[in-house]
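Subject: Structure handover

Hi,

Here is the structure I promised to pass on. Please open it and keep it beside this email as you read.

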Amino acid sequence: MLKNQSKRKIFELPLGYRILRRYVYYTFREYFDEISITGKENLPENAPIIFAPNHLNALMDPLAMSLIFQYDKSTIYLARADVFNQKTMVKFLNYVKILPAFR
């Protein structure tokens, strides 16, 4: 039962998470002079989507992807599993919706 509860929790959008997401959104927009989003109309509105960017800049890709989604939709990211070896980081990473990917 604990597994099912944690699965459901990843899709929740607590107030602190929504505030942090908006902060990142506005900071991202301040940092870049121009942001161009093309093809957004091709994304399904009520279906899961998997993006697989393969750039070396692992931080900017998720931030850029989060710009195209509405604030009421949960966006979940993957990171190398070895990052989850530190107990202090696990809570934060789970809070910001980052899950381990075992390669």
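In which loop is Lys-97 found? Look between helix 4 (87–95) and strand 2 (98–101). One thing before you go on: this is a predicted model.

**Lys-97**

Start with the backbone. Phi of Lys-97 is near 70°. That is a positive value, and the residue is not a glycine. Now check the surroundings. Is Lys-97 buried or exposed? Its relative accessibility is 3%, so Lys-97 counts as buried, the cut-off being under 20%. Leave out residues up to four places away in sequence, and Lys-97 still touches a list of others. Among them are Lys-9, Ile-10, Glu-12, Leu-13 and Pro-14. Tyr-17 is also on that list, as are Ser-74, Thr-75, Ile-76 and Tyr-77.

**The nonpolar core**

Next, find Val-96. Which residues does Val-96 touch, not counting those up to four places away in sequence? They are Tyr-17, Leu-20 and Tyr-77. Val-96 also belongs to the largest nonpolar core. That core has five residues in all.

**Helix 2**

Tyr-17 leads us to helix 2, where it is one of the buried residues. Helix 2 covers residues 15–31, which makes 17 residues. From first C-alpha to last, helix 2 reaches 24 Å. That is close to the 24 Å expected at 1.5 Å a residue. Which residues of helix 2 are buried? They are Tyr-17, Arg-21, Tyr-25 and Phe-28. Seen down the axis of helix 2, these buried residues fall within an arc of 80°, so they line one face of the helix. Turn to the other side of helix 2. There, Leu-15, Ile-19, Tyr-23 and Glu-30 are exposed.

**The salt bridge**

How many salt bridges does the structure hold? It holds one. Asp-82 pairs with Arg-80, and their closest N and O atoms are 2.9 Å apart. Asp-82 has 45% relative accessibility, so it counts as partly exposed. Arg-80 has 43% relative accessibility, so Arg-80 counts as partly exposed too.

Best wishes

Key:
Residues are numbered from 1 along each chain as its sequence is written. This is a predicted model: local features need pLDDT of at least 70, side-chain atom pairs count only at pLDDT 80 or more; totals for chains, interfaces and linings use all residues. Side-chain values use heavy atoms; hydrogens and water are left out. A nonpolar core is a set of buried Ala, Val, Leu, Ile, Met, Phe, Trp, Tyr and Cys residues joined through side-chain atoms within 4.5 Å. Buried means under 20% relative accessible area, exposed over 50%, partly exposed in between (1.4 Å probe, protein chains only). Contact means heavy atoms within 4.5 Å. Helices (H or I, at least four residues) and strands (E, at least two) are DSSP runs, numbered from the N terminus. A salt bridge is a side-chain nitrogen of Lys or Arg within 4 Å of a carboxyl oxygen of Asp or Glu. The expected span of a helix is 1.5 Å times one less than its number of residues. The arc is that of the directions from the helix axis to the C-beta atoms.
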